[in-house]
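Below is a short report on selected local features. The sequence and structure come first, then the notes.

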Amino acid sequence: MSGVSRRDLVTGAVLKPAAEEHISSLVVHVRPEQLSGFRTSLAAMPGFDIHAEAGGKVVLTLETRSESGIVEGPAALSALPGVLSASLVFHHVETDDTRQLTASQKD
């Protein structure tokens with residue numbers, strides 16, 4: 001184990017971090033006349049799903065593997081033509097550890 005100190009080994013610093021799954025919901029306000037183009041652009045962006053739409057307001061979810069994706073997602077939406085605002089409403093993180101804990105609590 002070249003390059004790994006005893007301290008790193010004892011404290012667990014050499015362990016692989018738990019895999020993460022980030023799930024968030026957003027409300028996006030889009031100019032009504034540009035909704036069609038927004039939907040087309042959104043379909044090409046991985047991780048986004050539309051769940052509701054009314055009067056230019058769109059409720060969607062975003063699933064990513066990292067916290068940076070939660071920051072980049074709304075920024076990418078804001079850059080789309082016709083988007084007036086993109087607001088993060090909810091953010092949830094699942095890790096391998098929390099999934100195992102949840103599964104053991106069900107037993």
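## Glu 53 and its surroundings

Setting aside neighbours within four places in sequence, Glu 53 touches Leu 35, Arg 39 and Val 58. The model is predicted. Glu 53 sits in strand E2. Its relative accessibility is 37%, so Glu 53 counts as partly exposed.

One of these contacts is polar: the side chain of Glu 53 meets the side chain of Arg 39 at 2.7 Å. Leu 35 lies 18 residues from Glu 53 along the chain, and their C-alpha atoms are 9.7 Å apart.

## Helix H2: two faces

Helix H2 spans residues 35-43, and its residues Leu 35, Phe 38 and Leu 42 are buried. They cover an arc of only 55° around the axis, which puts them on the same side of H2.

The face turned away from that buried side carries Thr 40 and Ala 43, both exposed.

## Thr 64 in strand E3

Strand E3 holds Thr 64. Is Thr 64 buried or exposed? Its relative accessible area is 14%, and the cut-off for buried is under 20%, so Thr 64 is buried.

The Thr 64 side chain reaches the backbone oxygen of Ser 66 at 2.9 Å. Beyond its neighbours within four places in sequence, Thr 64 is in contact with Glu 20, Glu 21, His 22, Gly 69 and Ile 70.

Methods:
Residues are numbered from 1 along each chain as its sequence is written. This is a predicted model: local features need pLDDT of at least 70, side-chain atom pairs count only at pLDDT 80 or more; totals for chains, interfaces and linings use all residues. Side-chain values use heavy atoms; hydrogens and water are left out. Buried means under 20% relative accessible area, exposed over 50%, partly exposed in between (1.4 Å probe, protein chains only). Helices (H or I, at least four residues) and strands (E, at least two) are DSSP runs, numbered from the N terminus. The arc is that of the directions from the helix axis to the C-beta atoms. Contact means heavy atoms within 4.5 Å. A polar contact is a pair of N or O atoms within 3.5 Å; within protein, one must be able to donate a hydrogen and the other to accept it, and residues adjacent in sequence count only if both atoms are side-chain atoms.
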